[in-house]
Amino acid sequence: MHNKSVAELSRELESGQISSVELTQQFLDRIDQEDGKYNSFITVTREQALADARAADEQRAAGNVTPWTGIPFAHKDIFCTNGVRTTCGSKMLEAFTPPYDATVTANFRQAGAVCLGKTNMDEFAMGSSNESSHFGAVTNPWGLSQGEKRVPGGSSGGSAAAVAARLVPAATATDTGGSIRQPAALCGVTGLKPTYGRVSRYGMIAFASSLDQGGTMARTAEDNALMLNVMAGFDPKDSTSLDREVPDYTATLNEPLKGLKIGLPKEYFSDQLSPAMEQQVRNAVKEYEKLGATVKEVSLPNAKLAIAAYYVIAPAEASANLSRFDGVRYGYRCEDPKDLMDLYTRSRAEGFGTEVKRRILVGTYALSAGYFDAYYLKAQKVRRLIQQDFINAFKEVDVLMSPTTPSPAFIQGEKTSDPVTMYLEDVFTIAINLAGIPAMSVPAGFVDGLPVGLQIIGDYFSEARLLNAAHQFQQVTDWHQREPQ
Amino acid sequence: MQWDIVIGLEIHVQLATKTKIFSGSSTAYGAEPNTQANAVDLAMPGTLPVPNEQAFRYAVMFGLAVNADIERRSVFERKNYFYPDLPKGYQTTQLERPIVGPGFVDIELANGESKRVRIHHAHLEEDAGKSLHEDFHGMTGVDLNRAGTPLIEVVTEPDMTSSEEAVAFAKKLHGIVTSLGICDGDMSQGSMRFDVNISLKPKGSETLGTRTETKNLNSFRFMEQAIAHEVERQMDILEDGGSIVQETRLYNGDRDESRSMRTKEEANDYRYFPCPDLLPVEIDESFIEAARANLPELPDARKARFMDQYSLNDYDAGLLSSDSKLAAFFEEAASHAKDAKLVANWIQGEFSARLNAEEKTVADSPITGAQLGNLVVRIADNTISSAGAKKVFEALWSGENDNVDAIIDAKGLKQVSDTGALEAMVDEVLTGMPDQVAQYQNEEDPKKRKKMLGGFMGPLMKASKGQGNPKLFNEILVRKLGG
Amino acid sequence: MTISREDIEKVAVLARIRVDDEQVSALEKDLGNILDLVDQLGAADTDSVEPMAHPLNAVQRLRADEVTETNQRESFQAIAPATENGLYLVPRVIE
């Protein structure tokens, strides 16, 4: 059962082959047995999950069904869950149980899905290896058989590892600079970062508000489509949520790809990419040509500036977004503060981890008097240049394809000493967030036994087309079905 | 040395919306602490702001009322600083693109001259919560009910040169926002708070001096005192050859003293940047025109109407039109009594004195405009004397009775205006006072005669048990005594 | 671009994060490296470019002025570090 997709499980439940309670129990047992190796969950909500599964079985008996009724899944621990601890991977929120739901959480509840728990992540979604979590690093299920503890990527490393290890068929995730696509690539699963504004950010703990976007992670493109059907849509509680019609993303999965125009950004096939990785990506593109697509080279001349712009904008926004964690109304508070300043500075020094503090300080610096123009304003201008590159590219082609990451999953600890080395992990993903366009990572081969991700980038609100392209690829390849040993 | 005083004001006006600027929490005053602070107001993780349309409508109405440009596209920014009453660690405000651009207000001074005070801009922002400093074993308690209440901050140019001008401007602004109905104007509840920027420069000098900001003055009286205090403080320093430190000061009205607010030197680096949780707000023509069409009458227009419709003089009209509630009270009273001038006198005399004595506003007045109007009717038709009228007013104010005529009857205040009866009383009194009558008749000087007339009034009022119409008594006396 | 110890200490005060001397040294190196990365921005010609604060060219939607919230003080204060009589408590604030 644990190898089945959401779509398949949905049919099993529908046919009465299995009940949601049985299915939930199986996955919970699997988490109990297996997750010691991965540490992909921060919180497992066994009792609540079984109660929800019973309720789902009753709903089904009453004829109230959605494709998600009774399907087990997990939430990244960045989405607030009413009555269930929500930590954001931080000591700051180690004991924080919100009395409210994120809109995404409420949507899955409404659809009858059964949440098994909250997945591990880099603290406040800041990281590319899941090593900055207060609840310990996550280990990539791939590479373990060679005795190597590799990173799952980040920040949604827990969700990616849990899906890859078949602990859940699907998990929610978020992406600010690559936090869905990079871990999806490194763990060999399929992930989608939607257009900015497509999925409500309400109740999704903010890292960088103009870049954050909730998205999907599962093994198949079809399951990603099923997830997006639940998650996408206008939310009056999020001012940046777009009031725009939501299509049925599963309806167009089987459209033929004949005539699809694919662009390969030459800047994304640079010397940062190993020849072995490049080979896998080019092989994947060849599959698309077999499916009737045409391929041409395009240019994103400002793409090389994306990391620099991102590491001004994201920390600047984060520095303000994380000011609310002050030890006054919720969250960690230091012992015996001697005055107000002590309460603030010690609660925040003790409650935040190294990387989070580093980014708050960089952001504070970039916004401070005398530096605002040179850093923040300049970065916002470069951001527009980057966006313009994509707009120009989509005048010529329908989608862009590239590797998701420059290399496969690395060994834990390898990049923790120098933050900048870690930041370069997101070299191919970050520009997409700056532009606000959607992109996916799809399993597309292996290098040294480790998964390689193909990134498919689309124009604004082209999620259906991306899912269609990924689904068609998955009809002729089986990379997404490979299971780590 | 002679000095020019330069004053600019920043006024925080709490908008009378039902809900907060970024959440659907109630803004009602006086609720139990933190019962009107929801997840957004408390800056719970993941929560997001959604702006209140009414706050924008009110800001636009304000802009139109002060002859200002309305910005078609305004942007919210984050002003970053830590304080327990500021849950997000930043205040959402407007800096580069405020909703209301440059405008002006004309004020009238005691010498009858008019002066124009320019508005630099007015922007929308959220209020902070309140810190309560007493009674928590050395801790401060924080109430966030007020956090997120919409404010417009009005910033003037440094166009005022005295406390008189500053107070005149503040009162004018108070009249405008209360007339618009966008603020309840209740200064004791902090609905309007004034920050005063003051600097001095040698008389006639072009260069502005270093200014200080005195924050959070919440009455016109304190504002006047604080300005006088700060001008004197700066003058003392400058005349001793010292220099003014640019700083924020806090004025204690009860002790008439002020002190610097920053105990230690800390750079104010607010790190403003556009709030990424909010999009630019676009105000279109139809929104502005709808607001314009619904603008209520403003103090200046009302004053002109009062002069025209009620034949009030400039001074009375100005006073009664400045505050919308007072103006409404006057009009209600005047709709009952024909003599608007007499109504105006009563409002400015007895009525205002009682309000002031009990620190009440027109809104809390125990008597209605209609009651005062009926009272004036009875004065005008000679039913009661002015002494009797004061007794009726007292009875109305204390709530003893709410009907003017019933009070007059119950207290026997009706004047005797029956000429025959009054003549008989005069005859009787004059007969009993032959010396005074002779003295009067021998007097040549009309002024002295008039004065002597008063000597007969006391006995006459006594004879009539206080109910004789003094005017009629006077006429009969003059006639009987032979002019 | 280098960042001085004084700058780091100043920024740490603004951000209300306590840093000890050892951390300042590490931050000097790490933030210096990050700022070196960021300095690439200087190469871009942005003379006539409008800053982009937001990915979507959308305008703000406004909410009707209707009370939608009810008192939930009890559930919010259940997760607060220190409260009394419905107030959040902090060390005494001196204005």
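Chain A holds 15 helices and eleven strands. The model is a predicted one.

**Chain A as a whole**

Chain A has 485 residues, and a compact globule of that length would have a radius of gyration near 23 Å. The value for chain A is 21 Å, which agrees. Along the principal axes, its C-alpha trace spans about 65 × 55 × 50 Å. Buried residues account for 69% of the 485 residues in chain A. The accessible surface of chain A is about 14300 Å². Carbon and sulfur atoms supply 47% of that surface. Chain A carries 47 positive and 56 negative charges.

**A cysteine in a loop of chain A**

A:Cys80 sits in the loop between strand E2 (72-76) and helix H4 (103-111) of chain A. Is A:Cys80 buried or exposed? A:Cys80 has a relative accessible area of 0%, so this residue is buried, the cut-off being under 20%. Which residues does A:Cys80 touch, leaving out those up to four places away in sequence? Within chain A they are A:Thr86, A:Pro98, A:Tyr100, A:Asp101, A:Ala102, A:Thr105, A:Gly203 and A:Ile205. From chain B, B:Pro45 is also touched. A:Pro99 is 19 residues from A:Cys80 along the chain. Their C-alpha atoms are separated by 8.6 Å.

**An enclosed strand in chain B**

Strand E9 of chain B covers residues 150-156. Seven of its seven residues are buried, so E9(B) is largely enclosed by the rest of the structure. In a regular strand, side chains alternate between the two faces of the sheet. Both faces of E9(B) are covered. On one side, B:Pro150, B:Ile152, B:Val154 and B:Thr156 are buried.

E9(B) pairs with strands E1 and E6 of chain B. The table sets out the two pairings.

| Partner of E9(B) | Residues | Sense | Bridges |
|---|---|---|---|
| Strand E1 of chain B | residues 3-14 | antiparallel | five bridges |
| Strand E6 of chain B | residues 114-126 | antiparallel | seven bridges |

B:His12 has B:Glu153 in E9(B) as its bridge partner. B:Ile119 has B:Thr156 in E9(B) as its bridge partner.

Methods
Residues are numbered from 1 along each chain as its sequence is written. Chains are lettered from A and ligands numbered from 1 in the order in which they are written. This is a predicted model: local features need pLDDT of at least 70, side-chain atom pairs count only at pLDDT 80 or more; totals for chains, interfaces and linings use all residues. Side-chain values use heavy atoms; hydrogens and water are left out. Helices (H or I, at least four residues) and strands (E, at least two) are DSSP runs, numbered from the N terminus. The radius of gyration is taken over C-alpha atoms; the globule rule is 2.2 Å times the number of residues to the power 0.38. Buried means under 20% relative accessible area, exposed over 50%, partly exposed in between (1.4 Å probe, protein chains only). Accessible areas come from the Shrake-Rupley method with a 1.4 Å probe; for residues, only the protein chains shown count as cover. Lys and Arg count as positive and Asp and Glu as negative; His and the chain ends are not counted. The place of a charge is taken as NZ of Lys, CZ of Arg, CG of Asp or CD of Glu. Two strands pair if DSSP finds at least two bridges between them. Contact means heavy atoms within 4.5 Å.
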